[in-house]
Structures are given as C-alpha cells and as structure tokens.
Amino acid sequence: MKNKRILLIIGGGIAAYKCLDLIRRLREFGAGVRVVMTRAAQEFITPLSVSALTNERVFTDLFDLDDEREIGHIRLSREADAIIVAPATADLIAKIAGGHANDLATSVLLASDKALLLAPAMNPRMWLNPATQRNVCQLEADGVRFVGPEEGEMAERGEAGPGRMAETSELISALEAMPGIAGSGKALLGSLSGKHVVITSGPTHEPIDPVRYIANRSSGKQGHAIAIAAQRAGAKVTLISGPVDLPDPSGVDTWHVETATEMKDAVAGALPADIAVFCAAVADWKVAEQVGQKIKKAKGAPSPTLKLVTNPDILKTVASLKSGRPKLVVGFAAETEKVIDHARAKLASKGCDLIVANDVSAATGVMGGDRNSVHLVTHDGEISWPEMSKDAVAAKLIDELALRLGDSKLAESTKKKRGQRRARAKPKKTKKVRKT
Ligand SMILES: Cc1cc2nc3c(=O)[nH]c(=O)nc-3n(C[C@H](O)[C@H](O)[C@H](O)COP(=O)(O)O)c2cc1C
C-alpha cells in the first residue's frame with residue numbers, strides 16, 4: 001500500500017462511518033487517500049471529518065468551479081492507482097451498471113479505466129432484490145470487483161441477512177489484491193488472454209485403510225486465489241484441487257482429486273499449458289500397502305506399523321518434460337526453517353523456473369490462514385514480498401508471471417531475429433544457424 005493512491009468514493013449509507021476507520025488504516029499503511037462524497041453520504045458523515053483524516057480537500061460537487069479548475073473529475077481517476085466505492089449503495093450500484101454520470105461520483109467512475117472495487121452495504125432485501133442482483137452480475141461481467149457484503153445484524157433493529165459492509169481489514173485485503181496495487185498494473189484484465197494456466201491446490205489425502213488417511217494442514221486458499229487471479233487476467237484456468245473446504249472458483253474448470261497419484265494423472269491430462277503453478281501441498285509419501293478393510297484394534301495386539309513409499313514428484317516430472325513443457329513452471333516450497341536456502345536447492349533439483357517459498361512454521365499462521373509472506377526464488381536471484389493477503393500474493397504472482405511470459409516471447413523473437421540477422425550477414429554459415 002505504501003505510496004499507492006486510493007480514490008475512495010463514499011456513498012450514502014449508514015456504513016459511511018466505517019470509511020473513517022478505512023481512511024485512517026490506509027494512511028497508516030502509507031497510502032494517499034483522496035475522497036469523493038455523494039450528496040447522500042454527507043447526510044451520514046461530514047466532509048470536515050473526512051478531510052481531517054485524509055489531510056486533503058474532499059470533493060463533493062461536479063459543478064464546483066474551483067474543484068474543476070484545480071483537479072477536475074477526469075484527473076481524480078487518472079491520478080489514482082485504484083478506486084473503491086464504500087459503502088456502495090444500491091443506488092450507486094444501479095447507476096454504475098447503467099453508465100450514469102449525473103453527479104461527481106458517477107462522472108468520475110464513468111470516465112475511469114482504473115481497477116474498481118465496490119463494497120456494497122444495504123438492507124438485505126435491497127441486496128437480494130433482482131434489480132440489484134442483475135446490476136451486480138452486469139458489473140462483475142464488466143470486470144468490477146466486489147468485497148462483501150457480509151451476513152449479519154443490520155443497523156435497523158430486527159433486520160438480519162446479507163448486506164453488512166465488509167470490515168476494514170477485508171476492504172484493505174481486497175484493495176491489496178487490485179491490479180494497480182498488487183502488481184505493476186500491467187497485468188490488467190486480458191493480459192493472459194488466450195493462455196492456459198494449470199494450477200494445483202490444497203493437500204492430498206493418502207489412504208491408510210478405507211476410513212483413515214495421511215494429510216497435511218494445507219487449506220487450498222493460496223492455490224485457489226491464484227486460480228481466481230489467473231482467470232481475472234483472462235487465462236483459461238484448470239484448477240486441480242485436493243480435498244479442501246472451499247467453493248470451486250466461478251469461471252475456473254476445477255478438477256477434484258484425493259491422492260498425489262490422482263493429482264499427477266490429472267496434471268498430465270490437463271496439459272498442454274503455457275504456465276503451470278504447483279501450489280498443492282502434495283504428500284511426499286504414501287502408505288506402501290493400503291488395506292481393503294478398516295484396520296481393527298485387537299486387544300493385546302501390537303500397534304500397526306505403516307511402511308511408506310515415495311509419491312510421484314509432479315513438479316519435477318512436468319519441469320523436465322522433453323516436449324510439451326509449459327513455458328513457465330512454478331513450484332511452491334513450504335518450509336519451517338532456512339526458507340530461502342531450501343527453496344534455492346529445490347529450484348536446482350526440480351528444474352523449474354521459479355519457486356515461491358513461504359515459511360509455514362506454526363507461529364506464522366500461514367497454513368490455513370488468510371495472509372502470507374513469500375520469497376520469489378529464481379535463477380537470477382530472489383525477491384521478498386512484504387506480508388499481504390493470499391489474494392494479494394496471488395494477484396502479484398500472476399502479474400509477475402504474465403510479465404515473464406511476455407518477456408520470454410520477446411526473448412524468443414529477439415533470438416530468432418538475431419539468428420536471421422546473422423544468417424544474412426554470413427551467408428555461408430546459414431545452414432548451421434538453427435531457427436528456433
Ligand atoms: C437512514 C438511511 C439509511 C440508508 N442506508 C442505506 C444503505 O445502507 N444502503 C443503501 O444502499 N442505501 C441506503 N439509504 C438510501 C440511500 O441513502 C439513497 O438511496 C441515496 O439516494 C443514495 O445516494 P448515493 O448512492 O448517491 O450515495 C439510506 C437512507 C436513509 C435515509
């Protein structure tokens with residue numbers, strides 16, 4: 001968030017007061033916040049309070065001569081890295097979906113090409129009204145992102161259901177994952193269009209008998225977030241998921257598997273791909289001999305001993321494919337000590353292009369949690385990203401991969417052109433110039 005410029009548009013709902021906390025937190029993170037308030041928003045909180053927190057003037061009027069001369073409604077959007085509307089009232093959602101521009105907020109939004117996040121807040125019946133739902137579907141199809149609403153008690157007594165505005169921490173996590181914030185901003189909608197991305201996610205379950213299995217604590221949150229980010233960047237995504245407690249991401253072709261062997265077969269079936277991201281926490285071992293019946297605890301009998309054998313190495317298998325290798329093969333390293341050293345060793349031994357290393361020791365809360373702090377280890381060096389939400393890690397990673405894929409296309413064509421130039425310059429040697 002540091003040095004990012006957020007344009008916050010405050011709509012006229014009771015949840016407007018929560019924006020004061022949002023502004024305070026964003027500024028603590030080092031972001032600059034500029035605010036537009038609708039006329040209705042000013043019935044709930046004052047521009048004076050907002051301005052005191054942003055340390056900037058607050059913009060309220062499309063026809064204010066001074067505002068228009070100094071900043072102008074077009075510049076308000078142009079100078080922002082991302083725009084958030086909070087609370088996004090039913091009325092604002094309808095106006096944005098319909099392309100209206102009859103006040104400052106909607107004019108700024110219509111004149112904008114920046115990533116847009118809406119945080120709806122309204123009475124549950126307003127939210128569930130087919131008109132609102134139609135507008136939300138339209139906006140999602142237009143690439144607008146939503147955070148919330150959440151279920152819960154409404155400000156009106158006796159009202160409960162979906163409609164509460166997401167909490168400040170959720171708003172910040174969702175903002176962190178926006179293209180203009182998380183990445184360079186170059187991997188916007190469509191940057192992976194026409195590309196196929198295969199992603200594995202979650203744990204594997206290795207059966208011991210029909211009722212017991214060996215598992216690990218992977219939740220699948222990071223892998224699923226990467227699948228969503230790749231889909232948002234326009235890729236065709238195949239997500240191969242171990243057993244997780246998460247819904248299948250919409251628009252993503254999700255295949256469900258249980259064991260490492262099933263995951264390996266599914267990956268083979270999903271290729272070819274341009275990018276493969278192996279985020280799943282695949283069990284290293286499986287039980288050598290599964291038994292067909294439940295192992296019984298017999299009185300006085302010794303405890304059973306499990307003999308383990310090594311599972312297939314999916315990352316290494318795909319990274320070393322002679323033909324049909326994805327252009328970018330990415331592995332994840334979940335380590336509890338010497339994170340970068342182990343990741344570098346893994347990069348060398350697996351033959352992949354990039355390792356995303358994370359510290360999963362219990363104190364970090366990464367396994368099963370919503371946040372992550374990762375190191376990208378490549379053959380050129382390593383980059384450490386600050387702690388952020390798993391959604392933000394996913395968006396930033398997809399941004400990075402889209403750029404690397406673009407660079408590899410560039411490198412290939414440069415190599416080709418160089419070869420052709422050399423062929424022209426030294427005609428006798430042309431036979432030896434292999435066209436790549
Ligand atoms: C007390 C009160 C609370 C309101 N709360 C909400 C709300 O939470 N969500 C919403 O969509 N509209 C709410 N409204 C209705 C909006 O204020 C109204 O639709 C207004 O035109 C929205 O303007 P805006 O979208 O330009 O900000 C409320 C109205 C009143 C009087």
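Trainee: Leaving aside its neighbours within four places in sequence, which residues is Ile84 in contact with?

Mentor: Ile84 is in contact with Ile6, Leu8, Leu117, Ala119, Leu171 and Leu175, where contact means that the C-beta atoms of two residues, placed from the backbone, lie within 7 Å. Please keep in mind that this is a predicted model, in which local features need pLDDT of at least 70 and side-chain atom pairs count only at pLDDT 80 or more, while totals for chains, interfaces and linings use all residues. Residues are numbered from 1 along each chain as its sequence is written.

Trainee: And which residues have the most contacts inside the largest nonpolar core?

Mentor: Those are Leu8, Ile84, Ala86, Ala119, Ile226 and Ala230, in a core of 121 residues. Helix H15 (residues 390–425) supplies the largest share of this core, nine residues, and at least three residues come from each of domain 1 (5–176) and domain 2 (196–411). A nonpolar core here is a set of buried Ala, Val, Leu, Ile, Met, Phe, Trp, Tyr and Cys residues joined through C-beta atoms within 7 Å. A residue is buried if 20 or more other C-beta atoms lie within 10 Å of its own, exposed if 12 or fewer, and partly exposed in between, with the C-beta atoms placed from the backbone. The domain bounds come from an automatic or database domain assignment.

Trainee: How much of the protein chain is buried?

Mentor: Of the 436 residues in the protein chain, 42% are buried. The secondary structure comes to 15 helices and 21 strands, which are DSSP runs numbered from the N terminus (helices are H or I, at least four residues; strands are E, at least two).

Trainee: In what order do the five strands of the open sheet come?

Mentor: The order is E2-E1-E3-E4-E5, with parallel pairing; two strands pair if DSSP finds at least two bridges between them. Strand E2 (32–37) and strand E5 (145–146) are at the edges with a single partner strand each, so one side of each has no neighbour in the sheet. Strand E1 (residues 5–10) pairs with E2 over six bridges, and the bridge partner of Ile10 in E2 is Met37.

Trainee: Changing topic, which residues are closest to the ligand?

Mentor: The closest are Gly12, Gly13, Thr38, Ala40 and Thr89, among 16 residues that surround the ligand; a residue counts as near if its C-beta atom, placed from the backbone, lies within 6 Å. Helix H5 (residues 90–98) gives the most to this shell, with three residues. The shell divides into ten nonpolar, five polar and one charged, where Ala, Val, Leu, Ile, Met, Phe, Trp, Tyr, Cys and Pro count as nonpolar, Asp, Glu, Lys and Arg as charged, and the others, Gly among them, as polar.

Trainee: Where are the cis peptide bonds you flagged?

Mentor: One joins Ala86 and Pro87, with omega about -10°, and Pro87 has its place in strand E3 (residues 82–88). Another runs from Leu271 to Pro272, with omega near 10°, and Pro272 lies in the loop between helix H12 (260–270) and strand E13 (275–278). Most peptide bonds are trans, and most residues other than glycine have a negative phi.

Trainee: What is the phi of Asn55, then?

Mentor: Phi of Asn55 is near 65°, a positive value in a residue other than glycine. Asn55 sits in the loop between helix H2 (47–54) and helix H3 (65–70), and Asn55 is exposed, with 10 other C-beta atoms within 10 Å.
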